[in-house]
Amino acid sequence: AWYRMAEISKETPPVFMADGADTNDVLQGAIGDCWFISALSIMAIEDDRFYFDISKEELSAPSLSDKTTKKMISGVYPKIFHFLAKFGMYVFRFFKDYQWIYVITDDRLPCYAGNEEEPDLVFAKCDTRHEFWVPLLEKAYAKIHGTYEALISGQIDDGLVDMTGCVSEKIKIQDAKGNFNTKLFGTKEQLWTRLNADFNNGSMLGCSIIGQGVEDKVYNDDGEFTGLYAGHAYSISDFIDIGDFKLVKIRNPWGSSNPVEWMGPWSDNSMEIIKYVDKINEVVRAKWKDEAEIAHVENGDGSFFMNFYDFLRVWHSLSISKKFSSEYTGLRFMSQWDKQTSGGTPYNSDENLLREYLKNPQFVLEVTKPTHVFLSLGQEDGRIKSKGEIPFPFTGLVHPLSLCVFRLDAKEDKLTMFDGRKLVDPPFIKQYRDVQVDLRLEKGKYAIVPSTKTKGMHGKFHLSVYFNCEKNEMSIKDVVTGSTAAIIVEEEEEIVEAFDESFKNLVRSILI
């Protein structure tokens, strides 16, 4: 049965969000979309990810500034549409196939039938009965995919990307033997520094454990249940250094409705948390000020702490929605694999495979100084195409992808021969919506080749390139089609072009 928000909240008037978002607002419902619910929990760390508050001073200015106008139309629930709530209408914004799309939904939500006195939401909900930002966002997200069922299973970073427009990164903490991946990260302390930098820049992170199935209990070496589940998506809400210990704060999307948490060191009521809770809160208050979420010896809300070194031993994967600092510039190319440009990826030394590989799209990048370059190759969204008919990972709709970078000689205009000795990074083939390569390149020229696993796989793709040198110290071009790149502008960055005055006046009239 479907009930309106006012019928569910009963005596208390319903609101979209009460006193800002909180990670503990988010409770998973009766469908296996923990990846999206965890993404919502991560988003709740900062309210601006949903919408920006507009001050009276900004609105009372003689002319609405470009910055204020941009704030009005930004976020997953843009401020410009808030006036529609009084009519029972909500408009959300999601980033799909590299463009923003808008979803309109009403305030009717599915509840269990036969309980008219106390309607109980079937799917996700807020911890407070009269607050509805979680179920409304979930409903809008289900709408663009055709059904709630279409949300079963996924990657946390996909959900975050869809709500922010950022690119993602997937990290395997452990190597094939189950050991910390020193080849990829160096030392554990170096990974701590890297993750902290990402988090402090505004990146959002989630984590998971690989298991045999969905939501399998994880046991320790003594056969005891750890309180963690494999095949289940958790959110990371903080990294805290209290001097002698480095801690990660993690949250199970089941929240307070089913608070199953880590039972090892630093868990609720553990000796560690009892001894150091005051120190943790001292650091948290200094870091987050008014936004600080105070730790307790026992919280029962699904959130828990782990020692960073235990974290690296237990968890397998990190999902990151990347936010780059102001020293980085982002460029994005749009291209496609078609009959002429789908050459596949050589999986052995067969001459035909090597020759066909050279038909793929190719981008030549040149840097005049050592530069950090982050590449993201994204294809069309399989969940949109599936509409709930094909389960995640949408085999047949999402191509296995490869993204290789080769060193070129100064006189070479492009890659003319597959040469494994020129590969900058180990090759891979992965079946994700998008794949990434994180490189530190020396001065020189490089060929970037995006490809599908086999020849003849067609479809559109986007190549995003982020770099931390000056624009005049780097050049990149599409040497196959000659397409040009668009600058990637983050939500809170300065406006590239001024808004039309008539549009700004319209925006202002809506708010006043």
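Analyst: Serine 237 is buried, with a relative accessible area of 10%; buried stands for under 20% relative accessible area, exposed for over 50%, and partly exposed for values in between (1.4 Å probe, protein chains only). The structure is a predicted model, in which local features need pLDDT of at least 70 and side-chain atom pairs count only at pLDDT 80 or more, whereas totals for chains, interfaces and linings use all residues. Residues are numbered from 1 along each chain as its sequence is written, and side-chain values use heavy atoms, with hydrogens and water left out.

Serine 237 belongs to strand β11, residues 234-241. Helices (H or I, at least four residues) and strands (E, at least two) are DSSP runs numbered from the N terminus. Setting aside residues up to four places away in sequence, serine 237 touches Thr23, Ile45, Phe199, Lys249 and Trp288, contact being heavy atoms within 4.5 Å.

Valine 26, in strand β2 (residues 26-27), is a further buried position, with a relative accessible area of 0%. Beyond its neighbours within four places in sequence, valine 26 is in contact with Ile37, Leu40, Ser41, Lys125, Trp133, Val134, Arg251, Pro253 and Gly255. Of these contacts, proline 253 is 227 residues from valine 26 in sequence, yet 6.8 Å from it in space, C-alpha to C-alpha.

The cysteines come next. A disulfide is counted where a pair of cysteine sulfur atoms lies within 2.5 Å, and a search of the whole structure finds zero. Cysteine 111 is buried at 3% relative accessibility, and cysteine 126 is buried at 6%.

In α13 (residues 501-511), Lys504, Val507 and Arg508 are buried. Seen down the axis of α13, these buried residues fall within an arc of 95 degrees, so they line one face of the helix; the arc is that of the directions from the helix axis to the C-beta atoms. Their packing partners are α3 (56-60) and α4 (66-72).

Rolling a probe the size of a water molecule over the atoms shows where empty space is left. On a 1 Å grid over the protein atoms alone, a cavity is a set of points where a 1.4 Å probe fits but cannot get out, a pocket is an open set with protein on both sides within 12 Å along at least five of seven lines, and lining residues have an atom within 4 Å of a point. Grid points are joined across faces, edges and corners, and a volume is the space filled by probe spheres set on the points.

Of the 17 residues lining the largest cavity, Asp97, Tyr98, Val161, Arg433 and Asp434 lie nearest its centre. At least two lining residues come from each of β3, α6 (156-164), β7 (167-172) and β17 (371-379), and β17 gives the most, with three. The lining of the largest cavity has five nonpolar, five polar and seven charged residues, where Ala, Val, Leu, Ile, Met, Phe, Trp, Tyr, Cys and Pro count as nonpolar, Asp, Glu, Lys and Arg as charged, and the others, Gly among them, as polar.

Aspartate 97 also stands out in its backbone: its phi is near 50 degrees, a positive value in a residue other than glycine. Aspartate 97 lies in the loop between β3 and β4 and is partly exposed, at 31% relative accessibility.

The second largest pocket has a volume of about 600 Å³. Its lining comprises 26 residues, of which Phe95, Tyr98, Gln99, Trp100 and Arg332 are the closest to its centre. Two or more lining residues come from each of β3 (89-96), β4 (99-106), β15 (329-337), β21 (459-467) and β23 (486-487). By class, the lining of the second largest pocket has twelve nonpolar, six polar and eight charged residues.
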